Amino acid sequence: MVLLVLYFVVFGSVRIRPAAVGSLTFAILFAVTVSGILSAGIGGVDKGQWEAAGALGFGRAGAFFRVILPQAAGRMLPRCKGKLVSMLKQTSMVGYISIQDLTKAGDIIRSRTYDAFFPLAVTAAVYFAVSSLILLAAGRVELRLDPRRRRLADPPAPARDQAVPAGPSGTPGEELIRVEHLQKSYGGSTPLRDVNAVVRRGEVIAVIGPSGSGKSSLLRCLNRLETPTAGRITVLGRELTGGGAELAAVRQRMGMVFQSFQLFPHLTALENVTLAPIRLRGLPPQQAAARGMALLQAAARGMALLQAVGLGEKAHKYPGEMSGGQQQRVAIARALAMEPEILLLDEPTSNLDPASAGEVLSVIRRLAAQGMTMMVVTHEMQFAREAATRVFYMDQGVLYEEGTPAQLLDAPRRNRTRAFVQRLRVLHFAIDSPGYDFIAMAQALQQFGEKHLLPRRRVEGLHHAFEEIAAANIVPRLAPGQTLHILTEYAESADRLEMRFLWGGAPCNPLEEGEPLSLRLVKAFLAGSRYDYAGGENRLTVQI
């Protein structure tokens, strides 16, 4: 219909060759179809890929052609391939506007020779051959874009005995970041209200605080992944609320490690690490590859247990073929490949299991020991205590309190900081019905033990106390409207682990009254432990 309308109506009064109308018709139809495929393919790439490329220092065009388009092409090509073959077959319709194409020529031969079969068979064979050539060419391109098949034939040997580079040297104590009256609003939400801070060379800043207090927003504003609503940010002597050229230059000297890794899935670990040095700094591929291998190997040796299983052996693996901990260590190596002067890490262990988190924290500790300037948003208080030189506590969109780890974690001066630190040390459950979430509470106890690095025996003791004292003997006695409060607290200085139970109702001692088997188990695992029961208040304290 489009072909006929264009030829007989739109260009009906104009002398134009039918071939030009046919070309225009199929160009329009194919362009409309492919534009939809392009839009869907590009829109399907995770927004975080744009941010990861931007954080390395790529501009919008560089990020699109080096990171986004290769990922989108792998999704778009199969659909484009089918549409191309479909369009080839539809060109047979140009015979309706007096063009002697292959199909039209076959019809003319049939009408003159009265041979109904042979011209049609030849026409079909030609169409099949041309379609096969198109599919073959598209398949070769698709093969090159397939990460599972695009491998380096002869991977270089992993580098040995390399240290994690700690960035360029400079004057210790030199001011690198200054934040003045920073504000950031998202519609009706204002995660950053008035933040003022200074970060100096060689400092390791641990940023802690409750969820929603603006910790991640602060890091994202520092490298302008988010545009501040108001205030001023100065990094490495350059004011970042200005033009984009300054921003790209600063980003190349300020590495960013994301909570969700944001590795480029179409590139191997080594290609992830070497992409920015080659494209942005003009580093020769061989030199960039050698440096990338050294970075991967060094990141892998962050823990003594990993010395025999280096990430150098994972250099030619794709992100989807690695564990979360390995991906995060590759992300750190990618940030270090540009030799940054500052490293920003946004909750680098929040999506990892305890073992993988330990691998990543070990690498970060090594960087801290080598003098790398870092800001780390973290919930790992043990890491903050051991590796940080200063701790920022954020609350209600402001830098509420700062100080050394000993000052802020052991003797905070302000009320909200004290309350937050206390919540970190105490795990509280409230059970007011038999339908409580037993599994979630058991998992919370496990995480509490892992966070405080408690040995397995003591973590098992927490589980036994919860299951046999609370679940088996107290909860069944609760009347409607009554609540059982369970508080678990660990005092690191005294190495004291306590679980306290407080509940309503008639007095009953869960260590003496209850299910017989449960009572025997309780007495067995409490043998040699201290406990105190206050019958008048229904309060039981057990040391584990």
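Contact here means heavy atoms within 4.5 Å. Setting aside neighbours within four places in sequence, glutamate 51 is in contact with Arg220, Leu225 and Phe258. Its relative accessibility is 13%, so glutamate 51 counts as buried (buried is under 20% relative accessible area, exposed over 50%, partly exposed in between, with a 1.4 Å probe and protein chains only).

A word on the ground rules. This is a predicted model, where local features need pLDDT of at least 70 and side-chain atom pairs count only at pLDDT 80 or more, while totals for chains, interfaces and linings use all residues. Residues are numbered from 1 along each chain as its sequence is written, and side-chain values use heavy atoms, with hydrogens and water left out.

Helices (H or I, at least four residues) and strands (E, at least two) are DSSP runs, numbered from the N terminus. Axes are lines fitted to C-alpha atoms, for helices over the stretch in contact, and angles run from 0 to 180 degrees between N-to-C directions.

Back to H3 (residues 47-56): its axis comes within 9 Å of that of helix H4 (residues 60-90), and the two cross at roughly 135 degrees. That is why H3 is oblique to H4; angles under 35 degrees count as roughly parallel, over 145 as roughly antiparallel, 65 to 115 as roughly perpendicular and the rest as oblique. On the H3 side, Gln49, Trp50 and Ala53 make the contact, and H4 brings Arg60, Ala63, Phe64, Val67, Ile68 and Gln71. Six of these residues are nonpolar, two polar and one charged (Ala, Val, Leu, Ile, Met, Phe, Trp, Tyr, Cys and Pro count as nonpolar, Asp, Glu, Lys and Arg as charged, and the others, Gly among them, as polar).

Now the strands, which pair if DSSP finds at least two bridges between them.

| Strands | Bridges | Facing residues |
|---|---|---|
| E4 (residues 230-235) and E5 | two bridges | threonine 234 and glutamate 239 |
| E12 (residues 484-491) and E13 (residues 496-503) | eight bridges | threonine 488 and methionine 499 |
| E13 and E15 (residues 539-543) | five bridges | leucine 502 and arginine 539 |
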